[in-house]
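Try each task before you read its solution.

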Amino acid sequence: MSMGGFGGALLVVALVAGVLGALYGGALLVRLGRTVTGTRPFLSGHDPAEHAVSRFHVRWYTLTMIFLAFDMEMVFMYPWALVVAELGTKAVIEMFVFLAVLMAGVVYAWREGALRWT
Amino acid sequence: MDLTARLLRWADIRPLVAEVPGGTWARLAVERLARERGWRVAACPAEANLLVVAGTPHAEVEPYLLRVWQSMTAPRARADVPSGPAAASALDAAVAELHDPARQRDHAASAVHSGLDPEMADRDADRDGLALDQLTVPLGPVLPDWPAGLVVHTVLQGDVIQSARVQLTGLAATRAADEPVPAAAARLDTCARVLSVAGAHDAALAARRLRDEVLTGQAPERRLQRWAAWVRRSRLLRWSLAGIGRVDDADAPPALAGDALARLHRAAEAVSHRHDDPPRHTDAAQWMVEALPRLLEGRELAVARIAVASLDPAVETLAHTEVADG
Amino acid sequence: MVEQAPWWSALLLPVVLAAFAVAAAMFGSVLTARTAGTAPGVAAAAPLRSAAGLLVRQRRSTLAADALLWRAAGVVLLLAGVLASLVTPLGRWSVGDLPVGVVWFNAMEVVAWAAVWLAGWGGNSAFGLSGGYRFVAQGVCYELPHMFALTTAAIGAGSLRVADIVAAQQQLWFVVWMPVAFAVFLLTVAAMAFWPPFDHPLGLDVAGGAASELSGVDRLVFLAGRWALLVSGSGMAVALFLGGGSGPLLPGWLWSVLKTAAVLAALVWAGRRLPTVRMERFAEVAWLVLIPATLVQALIVSIVVVAR
């Protein structure tokens, strides 16, 4: 049965590819002219002084670290959701103590200013 | 009639409004017509198909307008609106141009490569002493919901402004003869900008409609009060604006005191009680231009935009002073 | 109850999503017209006219743009937005009733992070880059509450299969005893689809943000992808919390359609009323309010499940 599901996914991918083809193909037929390359990016009417692609603010790295800790936890929580009713109280206690430990980490990171923007 | 021509005629109009000093009345007329005709204003040249120049641009401003025009692709048209009464006919002519497949094919063929070759970003230390890339990002003169004639040259690290320098452009074109916008309409205009930059789409649109109606003397009391009440009561808006662009200097004009939220609440209050004392003063504009770098440095980009919208420096009033002094 | 629909049902999926998206866009446009004081009849056609304009539009690519990644952004966004609905049942039928349906839905939503960031990065524009990073921050902050809300529904049913979750609501819809999870889920669906009030990545203050350099059909595909995400999220909210296709008198598929339309209309309406939620201010809310709130909700649901 799961094969059926993923088979459906492949079919949907093919369909969306068809829709995209129709959109891009249709636009190709009705467009007013060829694609313009090398347009200047919008900068309030100024020319760019340098390329925009650059290393961004450091805040994103700390935010991502905190996120990753929790995200790894989710890998456990999805399968845990299937068996918690069976395993009972012990499973609940273990999972939520684990989550409380992670939450303490978030509170620490917050106190250290990891969620502060400027 | 071919399919392209048909779609072209049916397509919506997306104006990018570039206001130059002295163009306030023209912008008000353009924004009113755009609203009445159901046009959604564009945020950037890529989204726009109509460049509207509100006011008579000084030669100093033309290069900025040209660069914006060059980064728009066909279908495109430019409407020069020197004054309020000229708006309807200028927009009609531009729409006719937008609907003309032959002229639009010409525009498409004439679009050019900019031929620029910028350098990679350079590095400098941030607040924690980490060396990260910096970008030079000028704000204005052509930017939605931005005061006419103002350019703030910022150096950004990520989305935080490391330094800001103010430049005024195209002021020589302002004519002292222009009648000032009535106080209530000017206040609503500023409120609309703040709400728009803060992303309160509905409230910003409502403020613009009220502003247009105040100018024709037909603003219905009930809707005005309902809008003002929403501005005063919205908790999320309070949360979003509190503490931004706070002015607490002793030498600051009293009209600017407090943060963006306080200024917005005061303006809404004045509008709902129909106060008609003028909200803007030349000395306020002068003070703001000098204080802006200090108010913006170290701020996040969105916060800086809200601060500028909420202070709304009437840069063009400075031109009169200079003329009067000299 | 919910069963695997025949293979050709996959053909209907994009059609149904597109119909929801167009109807919702028209509804939004009529609301705008009401505020602007213009005729609602004319406004209803505005989304279609906007699409027509983007089709005839000459495409552009910016100076030294990473054209491949930049254009891929819209394609990937649309693909992920449609695929997210693979596991969402319409009444009795589901195109792909995967045993890990909830995880699949979430995985497709997360693809949007890459797509929006690429759209911002690829254009080599300062405003675009800023918008792209705003979405990464929003994703990082609002994804966890979103996942805990999803998990809470899964715990309640003891299954990650959406069909089982719908079946578990036979007696009582999950929204009744998991109100916090439901509210957070709706909030974060808007955040994942960068829908107002979570539209800061496309903010007017940065000239359209991540989408600021997109023009023509590239822009059309990107915006269609955003709609697909929003509709998929609304559909999933119905399946996880509002009993799916269950309801009196009317057939199941119609109940699914009506409930999804109601959720979608609420999101469109609320988005217009509320000011933008900026991560600069609301990152802390996500981590220190929403996550603990959803955790307490998950704990309560776990205790109920164990006790029963």
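This is a predicted model: local features need pLDDT of at least 70, side-chain atom pairs count only at pLDDT 80 or more; totals for chains, interfaces and linings use all residues.

**Exercise 1.** Which domains does the domain assignment of chain A give?

Residues are numbered from 1 along each chain as its sequence is written, while chains are lettered from A and ligands numbered from 1 in the order in which they are written.

*Solution.* Bounds here come from an automatic or database domain assignment. For chain A you get domain 1 (1–35) and domain 2 (50–118). Next, take their C-alpha centres: those lie 36 Å apart.

**Exercise 2.** Find how many residues chain C and chain A each bring to their contact.

*Solution.* Count two residues as in contact if their C-beta atoms, placed from the backbone, lie within 7 Å. Chain C then brings 67 residues and chain A brings 57 residues. On the chain C side, H6(C) gives the largest share, 13 residues. (Helices are DSSP runs of H or I with at least four residues, strands are E runs with at least two, numbered from the N terminus.)

**Exercise 3.** Work out how H9(C) and H12(C) cross.

*Solution.* The axes come within 8 Å and cross at roughly 140 degrees. That makes H9(C) oblique to H12(C), because under 35 degrees is roughly parallel, over 145 roughly antiparallel, 65 to 115 roughly perpendicular and the rest oblique. Finally, the residues touching include Val180(C) of H9(C) and Leu290(C) of H12(C).

Methods: Axes are lines fitted to C-alpha atoms, for helices over the stretch in contact, and angles run from 0 to 180 degrees between N-to-C directions.
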